[in-house]
Amino acid sequence: MKERGLKLCFAASSGGHLQELLALRPLMERYDSFIVTEQTGYQAGGGEIRCYYVPQVNRRERGCAGKLLQNAVRSLGILLRERPDAVICTGALATVPVCLLCKLLGKKLVYIESFAKVNTPSRTGKLLYRFADRFYIQWPELRAFYPKAIYRGGVF
């Protein structure tokens with residue numbers, strides 16, 4: 001049974017970032033939740049969890065800025081329609097617009113640095129660290145880069 005009152009947006013790019021996010025499925029099922037991820041050849045959601053898709057973004061690809069702008073427009077529409085209380089994000093680039101827009105709309109941002117980042121920070125993590133209300137790391141070694149981060153181990 002879902003707890004009342006709290007609506008959560010879970011945001012991740014495709015691949016490993018999405019797999020980390022899906023490890024939080026018990027939290028998704030506890031609250032009114034939805035997922036924002038990149039459009040790929042497979043479905044991310046399932047069951048009762050709604051899923052929204054934004055264009056896939058590669059920072060090395062020509063047209064990256066245009067796709068980020070598309071993501072921002074699409075993300076704003078999603079956020080205005082769903083009105084979440086918080087965004088929980090595992091990265092990467094395609095999720096930056098939804099994270100920054102949630103802050104502009106006065107919502108909470110929770111960022112979980114990638115499990116793959118053991119000794120160095122991710123670009124998305126470095127960018128969103130200053131905006132996140134809570135910033136989690138999955139390896140204690142990352143405290144050197146994120147001194148205010150919370151370490152609770154891995155999501156897996």
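Which residue just after α3 takes a positive phi? In this predicted model, where local features need pLDDT of at least 70, side-chain atom pairs count only at pLDDT 80 or more, and totals for chains, interfaces and linings use all residues, that residue is Arg83, with a phi of about 50°. Residues are numbered from 1 along each chain as its sequence is written, and side-chain values use heavy atoms, with hydrogens and water left out.

- Cys64, Asn71, Ser75, Ile78, Leu79 and Glu82 of α3 are buried, that is, under 20% relative accessible area with a 1.4 Å probe and protein chains only.
- These residues lie on the same side of α3, because they cover an arc of only 90° around the axis, taken from the directions from the helix axis to the C-beta atoms.
- Ala65, Leu69, Val73 and Arg81, on the other side of α3, are exposed, meaning over 50% relative accessible area.

**Packing against α4**

- The buried residues of α3 pack against α4 (96–104) and against the strands (E, at least two residues) β1 (7–12), β2 (32–38), β3 (50–54) and β4 (86–89), with contact meaning heavy atoms within 4.5 Å.
- Leu68, Asn71, Ala72, Ser75, Leu76 and Leu79 in α3 meet Pro97, Val98, Leu101 and Cys102 in α4.
- The axes of α3 and α4, lines fitted to C-alpha atoms over the stretch in contact, come within 8 Å and cross at roughly 50°.

Key: Helices (H or I, at least four residues) and strands (E, at least two) are DSSP runs, numbered from the N terminus. Axes are lines fitted to C-alpha atoms, for helices over the stretch in contact, and angles run from 0 to 180 degrees between N-to-C directions.
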